[in-house]
Amino acid sequence: MKVERRNLAELTTLAVGGPAEVWTVESPEDLARAASAPYRVIGNGSNLLVADGGVPERVIRLGGVFAQGSVGRPRPGEATHLTPWIGAGTLLPSLVQEAARLGLSGLEPLLGIPASVGGAVRMNAGTRFGEIADVLEAVELFHEGRFRVLDPSELGFGYRTSRLPGGAIVTRVRLRLVPAPAAAIEARMAEVDAARKGQPKRKSAGCAFKNPPGDAAGRLVDAAGFKGLRVGAAMVSREHGNFIVNTGGARAEDVWKLVKRIQEELGLELEWEVWGELP
């Protein structure tokens, strides 16, 4: 286990955020020790805005046995492939690509989402093509000092949300995938990839706002004339209205002011998780 003081800007895809004590755990024993005081859990740092002042709680990162896993090779003739246990610290993009190489379908809708597996489960990450809840077979949690395995039906998955027990840490998952022809998987991935072409390349935390029923948050932001709006080095992306990007040296306060300005006008619900005190 490694314990160090770090600026969380180094661990988030938006590249903003102040200091915290970061505990990188590699074993169940490490995790139990790290979770013995108030804590937060960070995955790949996407979908997250951290205040400039950081957070007082220790921040747990899952490494070691919690960052290992593979979808496994399908067996000849099987209709449904249940994966081995996959650590929650494993990066989702690597699993998407591995499944495609092995002829396993189900993860294509998650192409391009820069999340860890655990973070993806917590927020039910997905696109308009599908969500991670669609392929979950079982979820292992560390909660109140012990490990539990739950059926996905117990976790209250909805649009970009779940109802995990308070303080629960996703530690491992099993997925349910389907063997399919390579051409079909490639076509599906191409469709998902094409839908992402308008997204910005600059540092961001992913889509900032949830889509309201029957509409798209990006379209509403665009129609309101907010594209290109700046506060300091934070800017509403000119490529896609549902992204706030860091043009270089942005502060969390800058990002938050843009969020609040858009919400005041459009009433959109924030998709990100927010840590710490913001004005």
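**Helix faces and sheet edges**

User: Which residues of helix H2 (residues 92-101) are called buried, and what makes them so?
Analyst: They are Leu92, Leu95, Val96, Glu98 and Ala99. Buried means under 20% relative accessible area, exposed over 50%, and partly exposed in between, with a 1.4 Å probe and protein chains only. Seen down the axis of H2, these residues fall within an arc of 170°, so they line one face of the helix; the arc is that of the directions from the helix axis to the C-beta atoms. This is a predicted model, where local features need pLDDT of at least 70, side-chain atom pairs count only at pLDDT 80 or more, and totals for chains, interfaces and linings use all residues. Residues are numbered from 1 along each chain as its sequence is written, and side-chain values use heavy atoms, leaving out hydrogens and water.

User: What do the buried residues of H2 pack against?
Analyst: Their partners are strands E7 (86-87), E8 (104-105) and E13 (169-179), with helices H3 (117-123) and H4 (182-195). Contact here means heavy atoms within 4.5 Å. Helices (H or I, at least four residues) and strands (E, at least two) are DSSP runs, numbered from the N terminus.

User: How do you know what span to expect for H4?
Analyst: The expected span is 1.5 Å times one less than the number of residues. H4 has 14 residues and reaches 20 Å from its first C-alpha to its last, close to the 20 Å expected.

User: Why are the buried residues of H4 said to line one face?
Analyst: Ile185, Met189 and Val192 are buried. Seen down the axis of H4, they fall within an arc of 60°, so they line one face of the helix. An α-helix has 3.6 residues a turn, so residues three or four places apart point the same way. The face of H4 turned away from its buried side carries the exposed Ala183 and Glu186.

User: What makes E1 (2-7) and E3 (39-42) edge strands?
Analyst: The open sheet runs in the order E1-E2-E5-E3, with mixed pairing. E1 and E3 each have a single partner strand, so one side of each is left without a neighbour in the sheet.

User: How do you know that E2 (residues 19-25) and E5 (residues 58-62) pair?
Analyst: Two strands pair if DSSP finds at least two bridges between them. Four bridges join E2 to E5, which run parallel, so under that definition they pair. Val22 stands opposite Val59 in E5.

User: Which strands pair over three bridges?
Analyst: E16 (residues 234-236) and E17 (residues 244-246) do, in the antiparallel sense, with Met235 opposite Val245 in E17.
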